[in-house]
Amino acid sequence: KEGEVQDLLLVVKSDSPGSMEALKHEIAKFEHPEVRVKVIHDGIGGVNESDVYLAAASNAVIAAFHVIPEDRAEQLASQEGVDIRRYNII
């Protein structure tokens with residue numbers, strides 16, 4: 001709707017605790033008049049089925065930094081319409 005702030009819900013996965021801290025720090029800095037970014041879950045390791053179920057239930061996007069989704073998680077994401085975005089640069 002016009003003038004309303006939209007929430008962008010994220011499930012963030014990373015390869016190490018240090019990377020995760022850096023990511024959360026940078027995400028917290030993000031400010032935009034039309035979008036509010038909220039991390040609803042973060043974790044170390046590959047994207048798994050639980051991450052996909054959470055994203056599907058929350059209408060969230062999964063951001064995966066230096067990790068890959070498990071095969072079953074990728075299939076489930078496709079079925080559930082969950083967007084998994086992979087990044088190799090932090």
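Is Asp51 buried or exposed?

1. **Ground rules.** This is a predicted model, in which local features need pLDDT of at least 70 and side-chain atom pairs count only at pLDDT 80 or more, while totals for chains, interfaces and linings use all residues. Residues are numbered from 1 along each chain as its sequence is written, and side-chain values use heavy atoms, with hydrogens and water left out.

2. **Asp51.** Asp51 is buried, at a relative accessible area of 3%. Here buried means under 20% relative accessible area, exposed means over 50%, and partly exposed is in between (1.4 Å probe, protein chains only). Asp51 sits in helix 2, residues 49-58. Helices (H or I, at least four residues) and strands (E, at least two) are DSSP runs, numbered from the N terminus.

3. **What surrounds Asp51.** The side chain of Asp51 makes a polar contact of 3.0 Å with that of Lys13. A polar contact is a pair of N or O atoms within 3.5 Å; within protein, one must be able to donate a hydrogen and the other to accept it, and residues adjacent in sequence count only if both atoms are side-chain atoms. Beyond its neighbours within four places in sequence, Asp51 is in contact (heavy atoms within 4.5 Å) with Val11, Lys13, His41, Gly46 and Ile62.

4. Four strands form an open sheet: 4 strands, order 2-1-3-4, parallel pairing. Which strands stand at the edges? Strand 2 (35-44) and strand 4 (84-87) do; each has a single partner strand, so one side of each lacks a neighbour in the sheet. From one strand to the next, the twist averages 25°.

5. **Strands 1 and 3.** Strand 1 (residues 6-14) pairs with strand 3 (residues 61-65) in the parallel sense, over 5 bridges. To count as paired, two strands need at least two bridges found by DSSP. Leu10 has Val61 in strand 3 as its bridge partner.

6. **Helices on the sheet.** Helix 1 (residues 17-29) packs on the sheet and touches strand 1, strand 2 and strand 3. The direction of helix 1 makes about 165° with that of strand 1. Helix 2 lies across strand 1, strand 2, strand 3 and strand 4, and runs at about 180° to strand 1. For these angles, axes are lines fitted to C-alpha atoms, for helices over the stretch in contact, and values run from 0 to 180 degrees between N-to-C directions.

7. **The nonpolar cores.** A nonpolar core is a set of buried Ala, Val, Leu, Ile, Met, Phe, Trp, Tyr and Cys residues joined through side-chain atoms within 4.5 Å. The largest has 13 residues, and Val47, Val52, Ala55, Ile62, Val82 and Ile84 touch the most other members. Helix 2, strand 3 and helix 3 (71-80) each supply at least two residues of this core. Helix 3 gives the most, with 3 residues. Apart from this core lies another, of 8 residues, including Leu10, Leu23, Ala63 and Phe65.

8. **Ile62.** Which residues does Ile62 touch? Leaving out residues up to four places away in sequence, they are Val11, Val47, Asp51, Val52, Ala55, Val82, Asp83, Ile84 and Arg85.

9. Side chains of opposite charge can pair when their charged atoms come close. The whole structure holds 8 salt bridges. A salt bridge is a side-chain nitrogen of Lys or Arg within 4 Å of a carboxyl oxygen of Asp or Glu. One joins Arg36 and Asp7 (2.7 Å, N to O). Arg36 is in strand 2 and Asp7 in strand 1, 29 residues apart. Lys38 also forms a salt bridge with Asp7, with the closest N and O atoms 3.7 Å apart. Lys38, in strand 2, is 31 residues from Asp7. Arg36 is partly exposed at 40% relative accessibility, Asp7 at 38% and Lys38 at 36%.

10. **A link between helices.** Glu49 and Arg72 meet in a salt bridge (3.4 Å, N to O). Glu49 lies in helix 2 and Arg72 in helix 3, so the pair ties together parts 23 residues apart in sequence. Glu49 is partly exposed at 24%, whereas Arg72 is exposed at 57%.
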